[in-house]
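Take a look at the model below. We will go through it one piece at a time.

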Amino acid sequence: AKFFVSTHTKFEMNQLRPTGVLFGDSITQYSFSPNGWGAKVAHEFQRKVDVINRGFSGYNVRIAKELLPLIFPEGSQHLFVTIFFGANDAAQGQDQHVPLERYSEDMDVILSHVTKHAEHVILIAPPPVDNEQWPDRHNDQTSKYASAASDAAERHGVKFVNLFGDLIVQENWKSNLNDGLHLSDIGNSFVAEKVLSLLPSAEDLAWDFPLWREVLGPTPRHYISKDFVQNLPYKCIIQQTKEKKEKN
């Protein structure tokens, strides 16, 4: 077997846009699939926010909290972060199961860390599960973890999507799932709509560079200069090259 050992070497690259991080289990990992909720969020913020998927299939909060200093290292700052764990934690009798009290404690650790690194934090409760397709998972358990997530969001003053509560009351709630656990196109659209409703409007955010009609002149370099960008009739980030930063 071949192994890759990460040395976590710092790679410097100009951050041209704000960033958003989607942190969670498989429901987040798969969210960049076609019609996925993460893909919809990224599409909404194109050229304004770089949306980063940090979803890990099968993970629970016990594992997730160990990733915090790697995914959210000291000095990192994001426009928003979504946190979406609980589906695996609630799977009683399975290797991934995390007792409810431990789930709450570890979620406190995660939220305490992430809130230092993001302007907007959204905690998402796990969705209901179809017990007929997943006999080892039960909604009476999942509902407790959704409630614990709600309490954690309140303790830390972050935004909350009660996905379990919002879906389970629907007459045809199973249509939100494609395999009884993960989200269908309908469920992905629902989550995307909920998440976007809690984030700043993309229309209010600045573009990364001037729009194409402004940069067609004979001296393209001028059209990304501070003097030009600050006089545009719309919001646009004033980009600074590494050389300019060093001179300052």
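Five strands make up an open sheet, in the order 2-1-3-4-5, and their pairing is parallel. This is a predicted model. Strands of a sheet pair through backbone hydrogen bonds, either parallel or antiparallel. Strand 2 and strand 5 (159-161) stand at the edges. Each has a single partner strand, so one side of each is left without a neighbour in the sheet. From one strand to the next, the twist averages 20°.

Now turn to strand 1, residues 19-24. Six of its six residues are buried, so strand 1 is largely enclosed by the rest of the structure. In a regular strand the side chains alternate between the two faces of the sheet. Here, Thr19, Val21 and Phe23 point one way from strand 1. Gly20, Leu22 and Gly24 point the other way.

What does strand 1 pair with? With strand 2 (residues 50-55), it pairs in the parallel sense over six bridges. With strand 3 (residues 78-84), strand 1 pairs in the parallel sense over five bridges. Gly24 stands opposite Gly55 in strand 2, and it also stands opposite Phe84 in strand 3. Val21 stands opposite Val81 in strand 3.

Helices come next. Helix 3 (residues 61-71) lies across strand 1 and strand 2 and runs at about 160° to strand 1. In helix 2 (residues 37-44), Trp37, Gly38 and Val41 are buried. Seen down the axis of helix 2, its buried residues fall within an arc of 100°, so they line one face of the helix. What do these buried residues pack against? Their partners include strand 1, strand 2, strand 3 and strand 4 (118-124). Helix 1 (26-29) and helix 7 (185-197) are also among them.

Helix 4 (residues 100-114) and helix 5 form another pair to look at. Their axes come within 10 Å and cross at roughly 35°. Helix 4 passes helix 5 in a right-handed crossing. On the helix 4 side, the residues making the contact include Leu100, Tyr103, Met107 and Leu111. On the helix 5 side, they include Tyr145, Ala148, Ala149, Ala152 and His156.

Finish with Asn139, which lies in helix 5 (residues 139-156). A polar atom of the Asn139 side chain lies 2.8 Å from the backbone nitrogen of Val129. Which residues does Asn139 contact, leaving aside its neighbours within four places in sequence? They are Pro128, Val129, Phe164, Ile168 and Trp173.

Notes: Residues are numbered from 1 along each chain as its sequence is written. This is a predicted model: local features need pLDDT of at least 70, side-chain atom pairs count only at pLDDT 80 or more; totals for chains, interfaces and linings use all residues. Side-chain values use heavy atoms; hydrogens and water are left out. Buried means under 20% relative accessible area, exposed over 50%, partly exposed in between (1.4 Å probe, protein chains only). Helices (H or I, at least four residues) and strands (E, at least two) are DSSP runs, numbered from the N terminus. Two strands pair if DSSP finds at least two bridges between them. The arc is that of the directions from the helix axis to the C-beta atoms. Contact means heavy atoms within 4.5 Å. A polar contact is a pair of N or O atoms within 3.5 Å; within protein, one must be able to donate a hydrogen and the other to accept it, and residues adjacent in sequence count only if both atoms are side-chain atoms. Axes are lines fitted to C-alpha atoms, for helices over the stretch in contact, and angles run from 0 to 180 degrees between N-to-C directions. A crossing is left-handed if the near helix is turned anticlockwise from the far one by less than a right angle, and right-handed if clockwise.
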